[in-house]
Amino acid sequence: MRKQFLLEVDALQMISSEHVVKLIKPYKSKQRHYLITELCNGGDLQGLVNLRKQLSEDDARMIIRQIAIGLRDINSAHIMHRDLKLANILLHFPAIDLLG
């Protein structure tokens, strides 16, 4: 567990992208490890899809473009995201604010 936590910390510290959540500080209590990250209070992409049921082509294009930029930035740091799914894509803004 500790090794995996340290790998995650190292990976997040290597990435600088406006489309990848920023690590503020790692924290360890006696029983648990935590990653304190920037606030993403918009939920996740799975929640957005569930809420909207259907996205316009323009909204989908904007979202896919931002995901592609984030993945490019991750890959340029020689890191591979091995669990890419809608629930792991966090939104900075609530869906109502994001897409109107």
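The lining of the largest pocket divides into 21 nonpolar, eight polar and five charged residues (Ala, Val, Leu, Ile, Met, Phe, Trp, Tyr, Cys and Pro count as nonpolar, Asp, Glu, Lys and Arg as charged, and the others, Gly among them, as polar). This is a predicted model, in which local features need pLDDT of at least 70, side-chain atom pairs count only at pLDDT 80 or more, and totals for chains, interfaces and linings use all residues. Residues are numbered from 1 along each chain as its sequence is written, and side-chain values use heavy atoms, with hydrogens and water left out.

**The largest pocket**
- The volume of the largest pocket is about 1300 Å³, taken as the space filled by probe spheres set on grid points that are joined across faces, edges and corners.
- On a 1 Å grid over the protein atoms alone, a pocket is an open set of points where a 1.4 Å probe fits, with protein on both sides within 12 Å along at least five of seven lines; lining residues have an atom within 4 Å of a point.
- Of the 34 residues that line the largest pocket, V20, V21, I74, H81 and N88 lie nearest its centre.
- The elements giving two or more residues to this lining are α1 (2-14), β2 and α3.
- Among these contributors, α3 gives the most, with seven residues.

**Overall layout**
- The protein chain has four helices and two strands, where helices (H or I, at least four residues) and strands (E, at least two) are DSSP runs numbered from the N terminus.
- Along the sequence, the pattern is α-β-β-α-α-α.
- The C-alpha atoms of the protein chain fill a box of roughly 45 × 30 × 20 Å along the principal axes.
- Of its 100 residues, 25% count as buried (buried means under 20% relative accessible area, exposed over 50%, partly exposed in between, with a 1.4 Å probe and protein chains only).

**The hairpin**
- Strands β1 (residues 23-28) and β2 (residues 33-37) pair in the antiparallel sense over five bridges; pairing requires that DSSP finds at least two bridges between two strands.
- Four residues lie between β1 and β2 in this hairpin, and K28 stands opposite H33 in β2.

**Helix α1**
- With 13 residues, α1 reaches 19 Å from its first C-alpha to its last, close to the 18 Å expected at 1.5 Å a residue (the expected span is 1.5 Å times one less than the number of residues).
- F5, V9, A11 and L12 are the buried residues of α1. They cover an arc of only 165° around the axis, so they sit on the same side of α1; the arc is that of the directions from the helix axis to the C-beta atoms.
- K3, L7 and M14 are exposed on the other side of α1.

**Helix α3**
- Helix α3 (residues 57-76) has 20 residues and spans 28 Å from first C-alpha to last, close to the 28 Å expected at 1.5 Å a residue.
- D59, I63, I69, G70, D73 and I74 are buried in α3. Seen down the axis, the buried residues of α3 fall within an arc of 140°, so they line one face of the helix.
- The face turned away from that buried side carries exposed E57, D58, I64, R65, R72 and S76.

**Positive phi values in the loops**
- K53 sits in the loop between α2 (45-52) and α3, and its phi is near 65°, a positive value in a residue other than glycine.
- K53 counts as exposed, at 71% relative accessibility.
- The loop between α3 and α4 (95-99) holds H78, which counts as exposed at 76% relative accessibility.
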